[in-house]
Amino acid sequence: MSLEFSIHKTYGKARAGCLVTPHAEIATPVFMPVGTVASVKGVGQDLLEELGAQIILGNTYHLYLRPGIETVRKMGGLHGFMSWRRAILTDSGGFQVFSLSELRKVTEDGVRFRSHLDGSSHFFGPESAMEAQIGLGADIIMAFDECTEYPADQARMRKSMEMTGRWAARSKKYFEEHKHEVPWARVGADAFVGPAARSSAPGVAGRGTSSQSVDAADNSGLRPSGRTLRLRSGQAASVPAHARRTQCLFGIVQGGMDRALRKESAERTIEIGFPGYAIGGLSVGEPRDLTREIVESTLEHLPADKPRYLMGVGTPEEIVGYANLGVDMMDCVLPTRAARHGLLFTSEGKVSIKQARYAQDSGPLDPTCGCQVCRRYSRAYLRHLYASNEVLAQVLNTIHNLSFYLDTMQRVRHSISLGEEYRFLSGAGHDRNLEL
Ligand SMILES: [Zn+2]
């Protein structure tokens, strides 16, 4: 057992639960900030902890190309390399590779692709994608799948879905045979992540010695040492060593925009057997209503007692809507990417901070937001930073947007625990028609 999932409360289809991974105990439904190249752009790890990020994403394709899997493995995996004590999820590299539409060739074996950095030729298949993700050492890793393009005809969607099923079985087989090779397997998941430990134990992350990091974990309410877990009843219990020492592998449901194929894909993936299930292949250009329809119908075919991860969505309104449908985990580049373009999510709607109307606006970005940016800076100052192309503009904008997403999910969890439906109200104010 490397993953435990319990549901504490449900309201309608929404579930409030707890996901216990080797590095962190995660309250669900959860939003996961994206740290493509072992960095959530513009925000350091200490700040991510302060913002309440419980789990972040890394992208296998990017990390495989740079700095390379072996480099990360030698630093104790991603946790050691980027000094992040909480949970990490990596994708399989499939989605990024498939987005290189001109640079790839797909066969039953896997995908040959060219690096977007230097044009060099590489190959990812189920086995090599697992090998890479084991080397990166995230708590949760993903089966290698084919993200079916949109639009696609029925024959193409079926062929792609069936290949994803075969790749899922190969992914699981390789993972089961090699999961003990995760970089932190020998020293345990609570190994300290940071330069001090690395210098005392070259090649392998050593045991925790930094009071600063432990304090940060304590303040977050997360499990401080990895030695005890809070169970559903609130009691603490010792965790067998093996429970903390391996990653876990999620399966991915594909099937394009066809409900019957999605059902079949879910059944095939469940038959292989995974501790959690993702819905992939959405947000690929289809209308938003269709995304929601496919999510809702696919969720009906996933086991109620396993975590459900919807990949790559969405706006604040959408993530609230999906949580209310029973999704437990979500990720999206939108809050961080939009922030770098000066587009901010607020309780009053979207704000494009670059607009001249904010040049002399002394009010906070979002009067109801408690983040450090809204508490301290005016719209006029944020607008000035953006107009001046200051690096600080990207940093502050990203802090606010991530806060907004993470706080929104916190409210969703709170509402479910109270037996209420959380409805996202974006107000009637600013720039609601802005397209991101
Ligand atoms: Zn804020």
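Guide: Two residues are in contact if their C-beta atoms, placed from the backbone, lie within 7 Å. In this chain, 67% of the contacts with a separation of 6 or more are between residues 24 or more positions apart. This is a predicted model, in which local features need pLDDT of at least 70 and side-chain atom pairs count only at pLDDT 80 or more, while totals for chains, interfaces and linings use all residues. Residues are numbered from 1 along each chain as its sequence is written.

Visitor: What makes a residue of helix α12 buried?

Guide: A residue is buried if 20 or more other C-beta atoms lie within 10 Å of its own, exposed if 12 or fewer, and partly exposed in between. In α12 (residues 316-325), 7 of the 10 residues are buried, so by that definition the helix is mostly covered. Among them are Ile 319, Val 320 and Tyr 322, and just after α12, Gly 326 takes a positive phi of about 110°. Buried residues make up 50% of the 436 residues in the chain.

Visitor: Why are β7 and β9 said to stand at the edges?

Guide: Strands (E, at least two residues) are DSSP runs, numbered from the N terminus, and two of them pair if DSSP finds at least two bridges between them. Since 3 bridges join β7 to β8 (residues 111-114), these two strands therefore count as paired, and Lys 105 has Arg 112 in β8 as its bridge partner. The open sheet has the order β7-β8-β9 with antiparallel pairing. β7 (104-106) and β9 (121-124) each have a single partner strand, so one side of each is left without a neighbour in the sheet.

How values were computed:
Helices (H or I, at least four residues) and strands (E, at least two) are DSSP runs, numbered from the N terminus.
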